Amino acid sequence: MIVLGLMSGTSMDGLDCCLSKIEIENFKLRFKIIDSSTIAYKNETKKIIYDSVFNKKYSYGFIEEYLGNVYVDLIDEFLSNQKVDFISNHGQTISHLDKKYSIQVCSPKIIYNKFRVPIIYNFRNKDIENGGNGAPLMPILDWYLFKNQEVITINVGGISNITVISKDTNINSIIGFDTGPGMCLNDLYVKKTWNIKYDNQGKLASKGFVNEILLNYLMNNPFINKDNPKSASTEMFGLDYLSNLENKFTNIKRYDFLRTLVNFTSKSIIKNINRVVPSKLLEKKKIILSGGGVKNKVLFDDIKKGLNNKIILMNYEGINIDNKESFLMCLLGYTRFFNIANNIPSVTGAVNEVVCGEIYE
(Lines give C-alpha, C1' and ligand atoms only; values in the text may rest on other atoms or scores of the structure.)
Protein backbone atom coordinates (compact mmCIF):
# COMPACT_ATOMS: atom_id res chain seq x y z
CA MET A 1 0.00 0.00 0.00
CA ILE A 2 1.18 3.53 -0.79
CA VAL A 3 0.25 5.72 2.17
CA LEU A 4 0.56 9.43 2.80
CA GLY A 5 1.01 10.21 6.50
CA LEU A 6 0.35 13.72 7.78
CA MET A 7 1.29 15.13 11.16
CA SER A 8 0.92 18.61 12.58
CA GLY A 9 2.45 18.43 16.00
CA THR A 10 2.45 20.48 19.17
CA SER A 11 5.10 22.79 17.71
CA MET A 12 2.41 24.06 15.29
CA ASP A 13 4.97 25.21 12.72
CA GLY A 14 4.14 23.18 9.63
CA LEU A 15 2.72 20.01 8.11
CA ASP A 16 4.96 16.93 8.23
CA CYS A 17 4.36 14.73 5.18
CA CYS A 18 5.65 11.21 4.65
CA LEU A 19 4.94 9.07 1.61
CA SER A 20 5.72 5.41 2.16
CA LYS A 21 5.12 1.94 0.89
CA ILE A 22 4.10 -0.16 3.85
CA GLU A 23 3.05 -3.71 4.67
CA ILE A 24 2.53 -5.65 7.90
CA GLU A 25 2.43 -9.44 7.95
CA ASN A 26 2.51 -11.50 11.17
CA PHE A 27 3.38 -8.32 13.08
CA LYS A 28 6.45 -7.78 10.93
CA LEU A 29 6.66 -4.31 9.44
CA ARG A 30 8.13 -3.82 5.99
CA PHE A 31 8.33 -0.34 4.56
CA LYS A 32 10.08 2.04 2.21
CA ILE A 33 10.14 5.80 2.64
CA ILE A 34 9.40 7.23 -0.81
CA ASP A 35 9.55 10.89 0.16
CA SER A 36 9.15 13.12 3.20
CA SER A 37 9.13 16.81 3.90
CA THR A 38 7.91 19.45 6.33
CA ILE A 39 6.01 22.25 4.62
CA ALA A 40 5.98 25.38 6.76
CA TYR A 41 2.66 27.04 7.46
CA LYS A 42 2.07 30.61 6.39
CA ASN A 43 2.14 33.10 9.24
CA GLU A 44 -1.64 33.49 9.08
CA THR A 45 -2.12 29.75 9.57
CA LYS A 46 0.33 29.66 12.48
CA LYS A 47 -1.54 32.49 14.17
CA ILE A 48 -4.94 30.85 13.69
CA ILE A 49 -3.67 27.55 15.13
CA TYR A 50 -1.94 29.36 18.00
CA ASP A 51 -5.11 31.33 18.83
CA SER A 52 -7.19 28.15 18.59
CA VAL A 53 -5.00 26.33 21.11
CA PHE A 54 -4.12 29.04 23.60
CA ASN A 55 -6.86 31.65 23.23
CA LYS A 56 -9.82 29.48 22.12
CA LYS A 57 -10.57 32.23 19.64
CA TYR A 58 -12.17 30.20 16.85
CA SER A 59 -15.03 27.75 16.72
CA TYR A 60 -14.39 24.06 16.13
CA GLY A 61 -16.25 24.25 12.82
CA PHE A 62 -14.18 27.17 11.55
CA ILE A 63 -10.76 25.68 12.32
CA GLU A 64 -11.88 22.25 11.03
CA GLU A 65 -12.79 23.72 7.63
CA TYR A 66 -9.91 26.18 7.53
CA LEU A 67 -7.25 23.52 8.10
CA GLY A 68 -8.95 21.17 5.65
CA ASN A 69 -8.44 23.73 2.90
CA VAL A 70 -4.88 24.50 4.03
CA TYR A 71 -4.00 20.80 4.04
CA VAL A 72 -5.43 20.26 0.55
CA ASP A 73 -3.03 22.84 -0.88
CA LEU A 74 -0.03 21.48 1.04
CA ILE A 75 -0.80 17.86 0.12
CA ASP A 76 -1.16 18.84 -3.52
CA GLU A 77 2.22 20.57 -3.38
CA PHE A 78 3.88 17.60 -1.71
CA LEU A 79 2.40 14.79 -3.82
CA SER A 80 2.92 16.47 -7.19
CA ASN A 81 0.53 14.00 -8.88
CA GLN A 82 1.92 10.94 -7.02
CA LYS A 83 -0.92 8.44 -6.53
CA VAL A 84 -1.72 7.10 -3.06
CA ASP A 85 -4.01 4.36 -1.76
CA PHE A 86 -5.13 6.40 1.24
CA ILE A 87 -4.22 9.40 3.38
CA SER A 88 -3.65 9.07 7.11
CA ASN A 89 -4.05 12.40 8.85
CA HIS A 90 -3.54 13.16 12.53
CA GLY A 91 -4.91 16.70 12.34
CA GLN A 92 -4.01 19.52 14.71
CA THR A 93 -4.56 18.91 18.42
CA ILE A 94 -6.34 21.91 19.91
CA SER A 95 -7.25 20.40 23.29
CA HIS A 96 -6.38 17.27 25.25
CA LEU A 97 -7.16 16.00 28.75
CA ASP A 98 -6.20 12.53 30.00
CA LYS A 99 -9.04 10.00 29.89
CA LYS A 100 -11.56 12.75 29.07
CA TYR A 101 -11.13 13.97 25.51
CA SER A 102 -8.64 14.71 22.74
CA ILE A 103 -9.66 17.04 19.94
CA GLN A 104 -7.86 17.05 16.59
CA VAL A 105 -9.16 19.27 13.80
CA CYS A 106 -8.94 19.12 10.00
CA SER A 107 -11.91 18.20 7.83
CA PRO A 108 -11.50 14.72 6.29
CA LYS A 109 -14.39 15.53 3.96
CA ILE A 110 -12.56 18.44 2.33
CA ILE A 111 -9.43 16.33 1.78
CA TYR A 112 -11.46 13.42 0.43
CA ASN A 113 -13.35 15.65 -1.98
CA LYS A 114 -10.03 16.73 -3.48
CA PHE A 115 -8.11 13.44 -3.66
CA ARG A 116 -10.88 10.81 -3.74
CA VAL A 117 -9.05 8.24 -1.62
CA PRO A 118 -9.99 7.05 1.89
CA ILE A 119 -9.01 9.51 4.64
CA ILE A 120 -8.11 7.93 7.96
CA TYR A 121 -8.27 10.20 11.00
CA ASN A 122 -9.31 10.56 14.68
CA PHE A 123 -6.71 8.20 16.15
CA ARG A 124 -7.19 8.93 19.85
CA ASN A 125 -10.85 8.78 20.82
CA LYS A 126 -11.40 5.03 20.57
CA ASP A 127 -8.63 4.50 23.13
CA ILE A 128 -10.19 7.13 25.40
CA GLU A 129 -13.57 5.44 25.08
CA ASN A 130 -11.88 2.29 26.41
CA GLY A 131 -10.45 3.99 29.48
CA GLY A 132 -7.14 5.19 28.03
CA ASN A 133 -5.43 8.54 27.70
CA GLY A 134 -5.37 8.48 23.91
CA ALA A 135 -1.65 9.28 24.06
CA PRO A 136 1.18 8.97 23.40
CA LEU A 137 0.92 7.35 19.97
CA MET A 138 4.61 6.89 19.22
CA PRO A 139 5.28 3.67 21.23
CA ILE A 140 3.43 1.47 18.69
CA LEU A 141 5.92 2.48 16.00
CA ASP A 142 8.85 2.05 18.36
CA TRP A 143 7.67 -1.48 19.11
CA TYR A 144 7.40 -2.41 15.42
CA LEU A 145 10.86 -0.99 14.74
CA PHE A 146 12.82 -2.05 17.82
CA LYS A 147 11.09 -5.04 19.43
CA ASN A 148 13.53 -7.58 20.86
CA GLN A 149 16.14 -4.85 21.37
CA GLU A 150 17.29 -2.88 24.42
CA VAL A 151 16.15 0.59 23.41
CA ILE A 152 14.86 3.83 24.88
CA THR A 153 13.45 6.32 22.43
CA ILE A 154 13.01 9.98 23.32
CA ASN A 155 10.83 12.12 21.10
CA VAL A 156 10.99 15.87 21.70
CA GLY A 157 8.31 17.89 19.97
CA GLY A 158 6.21 20.47 21.76
CA ILE A 159 5.74 17.75 24.38
CA SER A 160 8.33 15.06 25.17
CA ASN A 161 7.60 11.35 25.32
CA ILE A 162 9.62 8.18 25.84
CA THR A 163 9.32 4.51 24.96
CA VAL A 164 11.20 1.76 26.80
CA ILE A 165 11.65 -1.58 25.04
CA SER A 166 13.51 -4.67 26.23
CA LYS A 167 14.48 -7.89 24.50
CA ASP A 168 11.86 -9.84 26.43
CA THR A 169 9.14 -7.17 26.08
CA ASN A 170 5.90 -8.08 24.36
CA ILE A 171 3.64 -5.37 23.07
CA ASN A 172 1.47 -5.45 26.19
CA SER A 173 4.31 -4.65 28.57
CA ILE A 174 5.92 -1.71 26.77
CA ILE A 175 6.53 1.37 28.87
CA GLY A 176 5.73 4.64 27.15
CA PHE A 177 4.41 8.02 28.27
CA ASP A 178 4.75 11.77 28.06
CA THR A 179 7.40 13.11 30.41
CA GLY A 180 6.45 16.79 30.30
CA PRO A 181 7.25 19.74 28.06
CA GLY A 182 9.41 19.45 25.00
CA MET A 183 9.94 22.78 23.28
CA CYS A 184 6.52 24.33 23.92
CA LEU A 185 7.61 26.49 26.87
CA ASN A 186 10.89 27.42 25.22
CA ASP A 187 9.17 28.44 21.99
CA LEU A 188 6.51 30.46 23.80
CA TYR A 189 9.13 32.29 25.85
CA VAL A 190 11.33 33.03 22.83
CA LYS A 191 8.37 34.33 20.86
CA LYS A 192 7.22 36.49 23.75
CA THR A 193 10.69 37.82 24.63
CA TRP A 194 12.52 38.13 21.30
CA ASN A 195 9.60 37.93 18.85
CA ILE A 196 11.15 35.04 16.93
CA LYS A 197 9.69 31.60 16.18
CA TYR A 198 12.21 29.48 18.07
CA ASP A 199 15.73 29.42 19.45
CA ASN A 200 17.73 28.18 16.47
CA GLN A 201 20.12 25.44 17.67
CA GLY A 202 19.85 26.80 21.22
CA LYS A 203 22.01 29.85 20.50
CA LEU A 204 20.04 32.10 22.84
CA ALA A 205 19.86 29.54 25.64
CA SER A 206 23.62 29.01 25.40
CA LYS A 207 24.09 32.59 26.62
CA GLY A 208 22.40 31.89 29.94
CA PHE A 209 22.90 29.89 33.12
CA VAL A 210 20.52 27.53 34.89
CA ASN A 211 18.72 29.18 37.80
CA GLU A 212 18.45 26.45 40.42
CA ILE A 213 15.58 28.08 42.31
CA LEU A 214 13.43 28.27 39.20
CA LEU A 215 14.49 24.78 38.14
CA ASN A 216 13.54 23.28 41.50
CA TYR A 217 10.16 24.95 41.30
CA LEU A 218 9.59 23.58 37.79
CA MET A 219 10.66 20.07 38.77
CA ASN A 220 8.04 20.02 41.52
CA ASN A 221 5.28 20.26 38.93
CA PRO A 222 2.78 17.48 39.76
CA PHE A 223 2.76 16.10 36.22
CA ILE A 224 6.53 15.55 36.20
CA ASN A 225 6.26 13.45 39.35
CA LYS A 226 3.08 11.62 38.41
CA ASP A 227 3.23 7.88 37.75
CA ASN A 228 2.53 6.61 34.26
CA PRO A 229 0.41 6.11 32.25
CA LYS A 230 0.18 9.84 31.62
CA SER A 231 0.00 12.25 28.72
CA ALA A 232 0.48 16.00 28.53
CA SER A 233 -0.64 18.83 26.28
CA THR A 234 0.63 22.24 25.28
CA GLU A 235 -2.33 23.66 27.22
CA MET A 236 -0.81 22.25 30.40
CA PHE A 237 2.51 23.98 29.71
CA GLY A 238 1.10 26.94 27.81
CA LEU A 239 0.81 30.71 28.04
CA ASP A 240 -0.94 30.75 31.42
CA TYR A 241 1.70 28.50 32.94
CA LEU A 242 4.50 30.63 31.48
CA SER A 243 2.91 33.90 32.63
CA ASN A 244 2.59 32.56 36.16
CA LEU A 245 6.28 31.65 36.12
CA GLU A 246 7.28 35.09 34.91
CA ASN A 247 5.15 36.77 37.58
CA LYS A 248 6.62 34.58 40.31
CA PHE A 249 10.27 34.87 39.21
CA THR A 250 10.64 38.51 38.19
CA ASN A 251 14.36 38.98 38.85
CA ILE A 252 15.78 36.30 36.55
CA LYS A 253 17.61 37.51 33.46
CA ARG A 254 15.97 36.51 30.22
CA TYR A 255 18.83 34.34 28.96
CA ASP A 256 18.97 32.54 32.32
CA PHE A 257 15.20 32.07 32.26
CA LEU A 258 15.37 30.46 28.82
CA ARG A 259 18.38 28.34 29.75
CA THR A 260 16.47 27.04 32.76
CA LEU A 261 13.43 26.15 30.66
CA VAL A 262 15.67 24.10 28.35
CA ASN A 263 17.23 22.35 31.31
CA PHE A 264 13.77 21.69 32.72
CA THR A 265 12.86 19.79 29.56
CA SER A 266 15.97 17.61 29.82
CA LYS A 267 15.67 17.08 33.58
CA SER A 268 12.01 16.06 33.33
CA ILE A 269 12.88 13.51 30.63
CA ILE A 270 15.81 12.13 32.62
CA LYS A 271 13.88 11.97 35.89
CA ASN A 272 11.09 9.97 34.29
CA ILE A 273 13.50 7.58 32.59
CA ASN A 274 15.31 6.97 35.86
CA ARG A 275 11.97 6.35 37.56
CA VAL A 276 11.06 3.44 35.27
CA VAL A 277 14.47 2.05 34.22
CA PRO A 278 16.88 0.80 36.93
CA SER A 279 20.40 2.20 36.56
CA LYS A 280 21.93 -1.22 35.80
CA LEU A 281 19.50 -1.75 32.94
CA LEU A 282 19.90 1.82 31.70
CA GLU A 283 23.57 1.16 30.98
CA LYS A 284 22.59 -1.55 28.48
CA LYS A 285 20.09 0.56 26.58
CA LYS A 286 20.60 2.24 23.25
CA ILE A 287 19.05 5.71 23.47
CA ILE A 288 17.57 7.14 20.28
CA LEU A 289 16.45 10.75 19.97
CA SER A 290 13.96 12.20 17.51
CA GLY A 291 11.77 15.25 17.06
CA GLY A 292 12.56 18.83 16.19
CA GLY A 293 13.63 19.66 19.75
CA VAL A 294 16.82 17.63 19.48
CA LYS A 295 18.14 20.20 16.99
CA ASN A 296 18.57 22.46 20.00
CA LYS A 297 22.22 21.74 20.82
CA VAL A 298 21.89 22.91 24.42
CA LEU A 299 19.03 20.49 25.04
CA PHE A 300 20.83 17.65 23.28
CA ASP A 301 23.93 18.19 25.43
CA ASP A 302 21.83 18.37 28.60
CA ILE A 303 20.17 15.04 27.83
CA LYS A 304 23.46 13.41 26.89
CA LYS A 305 25.16 14.63 30.06
CA GLY A 306 22.22 13.68 32.28
CA LEU A 307 21.93 10.11 31.01
CA ASN A 308 25.64 9.45 30.63
CA ASN A 309 24.89 7.11 27.73
CA LYS A 310 25.82 6.92 24.12
CA ILE A 311 22.95 8.75 22.45
CA ILE A 312 22.18 8.63 18.76
CA LEU A 313 19.79 10.53 16.54
CA MET A 314 16.99 8.61 14.86
CA ASN A 315 18.20 7.29 11.50
CA TYR A 316 16.65 3.95 10.57
CA GLU A 317 15.88 2.86 7.01
CA GLY A 318 14.96 6.39 5.97
CA ILE A 319 13.13 7.28 9.19
CA ASN A 320 14.82 10.29 10.78
CA ILE A 321 14.29 12.98 13.40
CA ASP A 322 12.09 14.99 11.03
CA ASN A 323 9.78 12.38 9.53
CA LYS A 324 9.30 9.85 12.33
CA GLU A 325 5.96 11.31 13.43
CA SER A 326 4.55 11.51 9.91
CA PHE A 327 5.67 7.93 9.24
CA LEU A 328 3.90 6.97 12.46
CA MET A 329 0.73 8.22 10.81
CA CYS A 330 1.41 5.93 7.84
CA LEU A 331 1.60 3.01 10.27
CA LEU A 332 -1.51 3.99 12.22
CA GLY A 333 -3.45 4.52 9.01
CA TYR A 334 -2.39 1.13 7.68
CA THR A 335 -3.32 -0.67 10.91
CA ARG A 336 -6.74 1.01 10.95
CA PHE A 337 -7.34 0.21 7.28
CA PHE A 338 -6.65 -3.49 7.90
CA ASN A 339 -8.24 -3.62 11.38
CA ILE A 340 -5.03 -4.34 13.29
CA ALA A 341 -5.08 -3.25 16.95
CA ASN A 342 -2.97 -0.11 17.24
CA ASN A 343 -3.21 1.14 20.80
CA ILE A 344 -1.08 -0.20 23.67
CA PRO A 345 -2.98 -0.52 26.98
CA SER A 346 0.22 -0.54 29.07
CA VAL A 347 1.02 2.86 27.55
CA THR A 348 -2.35 4.59 27.52
CA GLY A 349 -4.08 2.83 30.42
CA ALA A 350 -6.90 1.51 28.23
CA VAL A 351 -8.67 -1.63 29.44
CA ASN A 352 -8.09 -3.49 26.18
CA GLU A 353 -6.56 -3.37 22.72
CA VAL A 354 -8.64 -1.60 20.10
CA VAL A 355 -8.36 -0.46 16.52
CA CYS A 356 -8.12 3.33 16.63
CA GLY A 357 -9.07 5.67 13.81
CA GLU A 358 -12.01 6.41 11.56
CA ILE A 359 -12.26 6.13 7.77
CA TYR A 360 -13.93 8.76 5.61
CA GLU A 361 -14.74 7.66 2.07
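Modeller: Buried means under 20% relative accessible area, exposed over 50%, partly exposed in between (1.4 Å probe, protein chains only). This is a predicted model: local features need pLDDT of at least 70, side-chain atom pairs count only at pLDDT 80 or more, and totals for chains, interfaces and linings use all residues. Residues are numbered from 1 along each chain as its sequence is written, and side-chain values use heavy atoms, with hydrogens and water left out.

Biologist: Why two sets of side chains?

Modeller: In a regular strand, side chains alternate between the two faces of the sheet.

Biologist: Which strand does β7 join through a hairpin of two residues?

Modeller: That is β8. The two run antiparallel, with six bridges between them. Strands are DSSP runs of E, at least two residues, numbered from the N terminus; helices are H or I, at least four. Strands pair if DSSP finds at least two bridges between them.

Biologist: In what sense do β7 and β10 pair?

Modeller: Parallel, over five bridges. Ile-152 has Ile-287 as its bridge partner in β10, and Val-164 stands opposite Ile-152 in β8.

Biologist: Now the whole chain. How many helices and strands?

Modeller: There are 13 helices and 14 strands.

Biologist: And what share of the residues is buried?

Modeller: Buried residues make up 59% of the 361.

Biologist: What box do the C-alpha atoms fill?

Modeller: Roughly 55 × 50 × 35 Å, along the principal axes.
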